[in-house]
Amino acid sequence: AFGVVADIQFADAEDGHDFGGCRRRYYRHSLRLLREAVREWAGESPPIDFVLQLGDSIDGQNARRGEAESALQQVLEVLGQLSVPVHHAWGNHELYNFSRARLVHTGLYSRPAGGSDGPPDRECHAYHCSPAPRLRLVVLDSYDASTLGTEPGSPRYQESLRVLREKNPNDDLNSPEGLKEPHFVAFNGGFSQAQLDWFDEVLKFSDENQEKVIVMAHVPIHPCASNGVCLAWNYEAALAVIHAHRCVVCVLAGHLHDGAYCQDPHGVHHLTLEGLIETPPDSNAFATVHVYEDKMVLKGRGRIPDRVMHF
């Protein structure tokens, strides 16, 4: 069993709104809701084995307020009350606050030190582990290709900007207006070829060892588990890797605060979790997932509905 939560986006700030100005965001309350989630996870029976934090743990405004480090510390302190590992995805809001080089030295860097569990690039926050026999967790870095958190002069930045500019002629690169492929916006990102090659090798190993694989990333990789905008740039390439293998049963993502779900034609479940940040203080948005031989049973709290996903 494991806990899962997405888009905490904590800031020690008054309630605000999303970029469109129409959806309420409860910046300060999100930490209180996270405490509630941690309390419930700690009391689960049978106990949970780990927690997945699907990215955007703190809000981008912390950078402007000079409070990025302190906000992150508060979130990590709450999660640190758990006696089980927490696996973190990196989202766009992490990269508004910190460079990739800095994130490697924070508590959000959950990739194990040393070993061959991730791509050669240590700043790529992707890795895999086996939390139980014949079960593998793969954490993907959906901002491995991105203009966020990288030096404008760096090859990663230049190549990402080229890809983005090719698809998005808007003055505001965060605007999907008029785009044929509206997911090519700066607040999304994609996967490098090196990460995709590594991912393919991990799934090959899991196929050979008859493992079931759960994948997590911040940005959704299936259009039907998205609103068409919140989607990884090269989602087709990631799906092609998954569909070339038999082992993946579920892909978990955040980023789209409304949440979404689909089961693709290959039988893979794509679950995008509702965001904590837009959850009113009298509700919540987290879940506990129980994994069986033939299914995953998700027990949702507040905004997140219960769900049974058969393999």
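**Close-up views of rings, charges and strands**

**View 1. Two charged side chains are placed over tyrosine rings.** The charged end of lysine 295 sits over the ring of tyrosine 292, at 4.8 Å from the centre of that ring. A charge is said to sit over a ring if NZ of Lys or CZ of Arg is within 6 Å of the ring centre and within 35 degrees of the ring normal. The model is predicted, so local features need pLDDT of at least 70 and side-chain atom pairs count only at pLDDT 80 or more, while totals for chains, interfaces and linings use all residues. Residues are numbered from 1 along each chain as its sequence is written, and side-chain values use heavy atoms, with hydrogens and water left out.

**View 2. Tryptophan 90 and tyrosine 109 form a tilted pair.** Rings of Phe, Tyr and Trp (its six-membered ring) pair if their centres lie within 6.5 Å, and planes under 30 degrees apart count as stacked, over 60 as edge-to-face and the rest as tilted. By this rule there are four aromatic pairs. In one of them, the rings of tryptophan 90 and tyrosine 109 have centres 6.2 Å apart and planes at 45°, so the pair is tilted. Tryptophan 90 lies in the loop between strand E5 (86-88) and helix H4 (92-97), whereas tyrosine 109 lies in the loop between helix H5 (100-103) and strand E6 (127-132), 19 residues apart. Helices (H or I, at least four residues) and strands (E, at least two) are DSSP runs, numbered from the N terminus. Tryptophan 90 is buried at a relative accessible area of 2%, and tyrosine 109 counts as buried at 15%, where buried means under 20% relative accessible area, exposed over 50% and partly exposed in between (1.4 Å probe, protein chains only).

**View 3. Phenylalanine 184 and tryptophan 233 form a stacked pair.** Their ring centres are 6.2 Å apart and their planes stand at 25°, so the pair is stacked. Both phenylalanine 184 and tryptophan 233 are buried.

**View 4. Six strands make an open sheet.** The strand order is E6-E7-E8-E9-E11-E10, with mixed pairing, and two strands pair if DSSP finds at least two bridges between them. E6 and strand E10 (260-263) stand at the edges with a single partner strand each, so one side of each has no neighbour in the sheet. E6 and strand E7 (residues 135-139) run antiparallel and are joined by four bridges.
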